[in-house]
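Subject: the model, and some notes on it

Hi,

Here is the structure I said I would pass on. Have a look, and then read my notes below.

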Amino acid sequence: MNDGFRLDSQIAVVTGACGKLGPIWVEALLGAGARVAALDLPGAPVSSAFRALADGARERLQRFDCDITNRQSIEGAAAAVATRMGSPAVLVNNAGVDQPPDSSGSRSRIDELPLDQFRKMIDVNLLGTFQVTQVFGAQMAKRGSGSIINIGSLYASVSPDQRLYDHLAGDLPFLKSPAYGASKAAVVNMTKYFATLWGRQGVRVNTLSPGGVLGGQDEQFKAKYGARVPLGRMAQAEDLTGPLVFLASPASSYVTGHELRVDGGFTAW
Ligand SMILES: NC(=O)c1ccc[n+]([C@@H]2O[C@H](COP(=O)([O-])OP(=O)(O)OC[C@H]3O[C@@H](n4cnc5c(N)ncnc54)[C@H](O)[C@@H]3O)[C@@H](O)[C@H]2O)c1
């Protein structure tokens, strides 16, 4: 029964692997038996969680430089992964940018929201995911198998509740950007595009949309957020690993074009 969830000796690519959620996906894939190619920007800060994994996994986890907004950089990373590790069977499109609530310096009223900030989120979250899919996904389609998991968000489905942030001090109220949800909603739609395009070539494409993940938020935020979630709390790493391995592995062999919301029921209310 459990064998369907294994990825033994398969190669999995994770973009934005060195940040907060990246190591969660990497650890889940390593745990299922995969070898993992961890892609991130050259010089990206490496979280302690990623460093700990790299120390333990040795040659089963390798790091590659890749800027997902740059086609040449993606092609370079794909060539390096092929040479050093082999052909990827799994791709986790995780790299993304958001505007954290503690970024007080960059707050603006909605009528003055800089278009450049909007463009940057679309550029990374949507166009970056598209380009990585073009390069790695096309290779999978050519080989006749693969599983692509795009990391979405609960804000792909619902608008952020700005009241979650109204206790934060600052000259201007923190306003979660409309660009973030718009970019993630587009990713959910693009998931369906590639699922239908490559279904006959054995490539499955799904979205995993996490709710807010615990990690460094202030107590008031956590209390307000938890009150909005049917399961009563923020997500933790162990809530995310099972769904990721399910979508990556043959356990989900007849699942494609799907958005798996792992949000404690946030979007059900
Ligand atoms: N943290 C959450 O609560 C949460 C909730 C829902 C969805 N998500 C999504 O999960 C994904 C990971 O989020 P996170 O919290 O780990 O963010 P993070 O900022 O901690 O990590 C993002 C990683 O992406 C990398 N990155 C940014 N731009 C890049 C580029 N151009 N090319 C390659 N890599 C790039 C960064 O260097 C970083 O390592 C994102 O897509 C995010 O939207 C996060």
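Let me start with Leu 247, which touches Ser 147, Ile 149, Asn 206, Leu 208, Ser 252 and Leu 260, leaving aside residues up to four places away in sequence. Contact here means that the C-beta atoms, placed from the backbone, lie within 7 Å.

Before going on, some housekeeping. Residues are numbered from 1 along each chain as its sequence is written. Keep in mind that this is a predicted model: local features need pLDDT of at least 70, side-chain atom pairs count only at pLDDT 80 or more, and totals for chains, interfaces and linings use all residues. Helices (H or I, at least four residues) and strands (E, at least two) are DSSP runs, numbered from the N terminus.

Back to Leu 247, then. It sits in helix H7 (residues 237–248), and it counts as buried because 24 other C-beta atoms lie within 10 Å. The cut-offs, with C-beta atoms placed from the backbone, are 20 or more other C-beta atoms within 10 Å for buried, 12 or fewer for exposed, and partly exposed in between. Between the C-alpha atoms of Leu 247 and Asp 65, which are 182 residues apart along the chain, the separation is 25 Å.

Now the strands. In E5 (residues 146–151), six of the six residues are buried. Gly 146, Ile 148 and Asn 150 point one way from E5, while Ser 147, Ile 149 and Ile 151 point the other way.

What does E5 pair with? Strand E4 (residues 88–93) is joined to E5 by four bridges, and the two run parallel; strands count as paired if DSSP finds at least two bridges between them. Leu 91 has Ile 148 of E5 as its bridge partner. E5 also pairs with strand E6 (residues 203–210), again in the parallel sense, over six bridges. There Ile 148 stands opposite Val 205 of E6. To get from E5 to E6 the chain passes through helix H5 (residues 178–198), and this β-α-β crossover is right-handed. Right-handed means that, with the strands pointing away from the viewer, the path from the first strand over the helix to the second runs clockwise.

Pro 178 belongs to H5 and is partly exposed, because it has 15 other C-beta atoms within 10 Å. Pro 178 and Tyr 155 are 23 residues apart in sequence, and their C-alpha atoms are 9.4 Å apart in space.

E4 has six of its six residues buried, so it is largely enclosed by the rest of the structure. E4 pairs with E1 (11–15) in the parallel sense over four bridges, with Val 13 opposite Leu 91.

Strand E2 (residues 35–40) and strand E3 (residues 61–65) run parallel and are joined by five bridges, and Ala 37 stands opposite Gln 62 in E3. Helix H2 (residues 48–57) carries the chain from E2 to E3, and this β-α-β crossover is right-handed too.

Which residues of H2 are buried? They include Phe 50, Leu 53 and Ala 54. The buried residues of H2 line one face of the helix, because they fall within an arc of 100° seen down its axis (the arc is that of the directions from the helix axis to the C-beta atoms). Helix H1 (22–31) and E3 are among what covers the buried residues of H2. Ser 48, Arg 51, Ala 52, Asp 55 and Gly 56 are exposed on the other side.

Arg 58, in the loop between H2 and E3, has a positive phi of about 50° although it is not a glycine. Arg 58 counts as exposed because it has 8 C-beta neighbours inside 10 Å. Ser 9, in the segment before E1, is not a glycine either, yet has a positive phi of about 60°. With 11 C-beta neighbours inside 10 Å, Ser 9 is exposed as well.

Finally, the ligand. It is surrounded by 26 residues, the closest being Gly 16, Gly 19, Lys 20, Leu 21 and Gly 96; a residue is near if its C-beta atom, placed from the backbone, lies within 6 Å.

Cheers

Methods: Two residues are in contact if their C-beta atoms, placed from the backbone, lie within 7 Å.
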